[in-house]
Amino acid sequence: MSGLAGRAPTERTGSPQGPRLAVEGVSMTFGSATVLRDVAMDVRAGEIHALIGQNGSGKSTLAKILTGLYRPDAGSRITVDGIGLRLPVRPDESRAAGVAVVHQNLGLVPDATVLENTRLGRFKGSRFLRRIDWKAEAEATRAVFQRLGPHRIPLDSKVSDLHEDEKAVVAIARAVQDLEDGRGVIIFDESTRALGRESLERFYTLLDRIVATGTAALLITHRLEEVVEAADRVTVLRDGEIVVAGKDVEGMTKSDLAHLMLGREVEGLEHRTAVGAANDDVSVVVDGLTGPTVREFSLRIRPGEVVGVTGLSGAGHEDVPYLISGVSEADGGTMTLPTGPVALKGLSPASAIRSGIALVPEGRESAGLVGAMTVTENISFPQTCTATASGRVRPLRSGAEKQLAADWIERLDVRPPWPHAVLDNMSGGNQQKVLLAKWLATDPTLLVLHEPTQAVDVGARKTIVEAVRGAAREGRAVLVASSDENELALLCDRVLVFSNGAVGRELTGEFTPHDIVESIYTDSSRTKLRERSTQGVS
Ligand SMILES: Nc1ncnc2c1ncn2[C@@H]1O[C@H](COP(=O)(O)OP(=O)(O)OP(=O)(O)O)[C@@H](O)[C@H]1O
């Protein structure tokens, strides 16, 4: 399959009345903290407009105001296709006006089916019996999925059984179904973060199709390469204020964008120094790991070594973290740690933790953290629940808990640095630091991470990469499953590339992100996800 062609020059439907979305004088105050100050921006007909900013700069807050989750301060104004919305935004009114949103955590109901999730809130009763007409609902759902291009997601699958990228497709389908071609704006609040490479290609194709009709897209993202490749204009938020509004992306580089976001140069991360070949110690041995998508996977990790696993989505690498930490059931295989051998079939998460394995999973909102608990409670959670050999629960003393949280807040530069801050009220990047702190604090022998820098800004990414490297320098074995070639190149001493459930290639020594992508695709022509459109915005 060849790479995506650039967006074909399309006739953009002009908007004689002005922008699709205009935001003016929007401010938002929580208690005494003003997190958005006098924000003004516009999104034009037929453009892909990127909104970027550091973690905590206020991007999600703006998205939540646009969908009515938050009430902005008095004086704020929002118009869609020239029509002012009443504030706070009523979700049904904003939907009717043409605002569609795909939220960061996708907002799906895990136990409901794909069809139920897509049609939620839109079910229609049959004319006579007033019962849901499932046949009509299925037809409506199939029609939406067809608009998104070829997908093989069964409508009766439970969402919890889907891969992360399939979940994203369901959330996008749910949002776009009400969008009339050539009207309104679709807002993607970090919704591409869980998409694998092929899904990203489909996503960009879909986006091109949507904006070609004249509908606008607002892409809230941390992926600066996505801005360079996909966006027409960019708006930058810093500490709740707009520092750049609607600048043309043409000719800009990732480092130009990073500079605008942070207001300073980002210090480059130093290159990793591969663990010396003379070091023959082995910390972790995995033998013959087999699971639903993984075949006879064997691996040796030396103390201090960071090994990456990657591949196309569905290749098996993304299941390895869960199979070796007892979260998913393995069909067979053993793992040998300094404490002794562990059978992987039947391994429970609790015994994996006791054996010194810590898993930092993907999807922090649903899998790794408790949003209603504080930073301290989240960090100390695995330790407050430890049981002694005799089965007695040993509570962590409150002084020790406070100290533990204070240490990790400082080490990982968690902002705001408040032990009692509730996780749900923190930005995504800082939640990710808390998730990493929670598992590093267990002092693991083997640290396993899945997409550890997903949806975090360049500054937080640096902190996280340094913390993981620091963990390796302390002698831990580290395994990283990732679809982000930049992250893998920064973190790993070697990278194993999966194909059809087994390792097809191994990269060692010096390698670049380009080498990783090339190995995944074999075909070197597909290294760029999407050529940026050269078409200006009318
Ligand atoms: N309900 C709330 N109560 C108090 N503070 C909040 C609440 N929601 C957000 N904040 C604060 O508002 C600021 C902006 O957060 P927001 O989530 O909008 O940032 P963001 O730019 O989307 O970050 P990220 O990229 O990490 O998701 C943060 O300091 C956050 O702690």
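Select helix 12 (residues 375-384) and helix 13 (residues 398-411) of this predicted model. Their axes are 9 Å apart and the helices pack at an angle of about 105°. Helix 12 and helix 13 are therefore roughly perpendicular to each other. Angles of 65 to 115 degrees count as roughly perpendicular, those under 35 as roughly parallel, those over 145 as roughly antiparallel, and the rest as oblique. The axes are lines fitted to C-alpha atoms, for helices over the stretch in contact, and the angles run from 0 to 180 degrees between N-to-C directions. Helices (H or I, at least four residues) and strands (E, at least two) are DSSP runs, numbered from the N terminus.

Now show the residues that join the two helices. Helix 12 contributes V375, T376, I379 and S380, while helix 13 contributes E401, K402, L404, A405, W408 and I409. Two residues are in contact if their C-beta atoms, placed from the backbone, lie within 7 Å. By class, this contact has six nonpolar, two polar and two charged residues. Ala, Val, Leu, Ile, Met, Phe, Trp, Tyr, Cys and Pro count as nonpolar, Asp, Glu, Lys and Arg as charged, and the others, Gly among them, as polar.

Two points about reading the model. Residues are numbered from 1 along each chain as its sequence is written. Because the model is predicted, local features need pLDDT of at least 70 and side-chain atom pairs count only at pLDDT 80 or more, while totals for chains, interfaces and linings use all residues.

Next, select P416, in the loop between helix 13 and helix 14. Most residues other than glycine have a negative phi, and most peptide bonds are trans.

Move on to helix 14 (428-440) and helix 15 (residues 458-473). These two pack at an angle of about 10°, with their axes 10 Å apart. That makes helix 14 roughly parallel to helix 15. On the side of helix 14, the contact is made by G429, Q432, K433, L436 and L440; on the side of helix 15, by A460, T463, I464, A467 and A471. The residues of this contact divide into six nonpolar, three polar and one charged.

Which residues come nearest to the ligand? They are N55, S60, T61, S427 and G428, out of 15 residues around the ligand. A residue is near a molecule if its C-beta atom, placed from the backbone, lies within 6 Å of it. The shell has three nonpolar, eleven polar and one charged residues. Helix 1 (59-66) and helix 14 each supply at least two residues of the shell, and the largest share, three residues, comes from helix 1.

Colour the chain by domain. The assignment gives domain 1 (37-262), domain 2 (269-356 + 445-451 + 475-524) and domain 3 (363-443); the bounds come from an automatic or database domain assignment. The ligand shell takes residues from both domain 1 and domain 3, so it lies between them. The centres of domain 1 and domain 2, taken over C-alpha atoms, are 33 Å apart.

Go to helix 1 itself. Is helix 1 largely enclosed or open? Seven of its eight residues are buried, so helix 1 is largely enclosed by the rest of the structure. The buried residues are K59, S60, T61, L62, A63, I65 and L66. A residue is buried if 20 or more other C-beta atoms lie within 10 Å of its own, exposed if 12 or fewer, and partly exposed in between, with C-beta atoms placed from the backbone. G68, with a positive phi near 90°, follows helix 1.

Select V159, in the loop between helix 4 (134-147) and helix 5 (164-176). V159 is buried, with 21 other C-beta atoms within 10 Å. Leaving aside neighbours within four places in sequence, the contacts of V159 include L108, P110, N117 and V170. V159 and N117 are 42 residues apart in sequence, yet their C-alpha atoms are 8.0 Å apart in space.

End at strand 19 (residues 494-499), where L496 is found. L496 is buried, with 24 other C-beta atoms within 10 Å. Then select N500, in the loop between strand 19 and strand 20 (502-507). N500 is exposed, with 12 other C-beta atoms within 10 Å, and has a positive phi near 50°.
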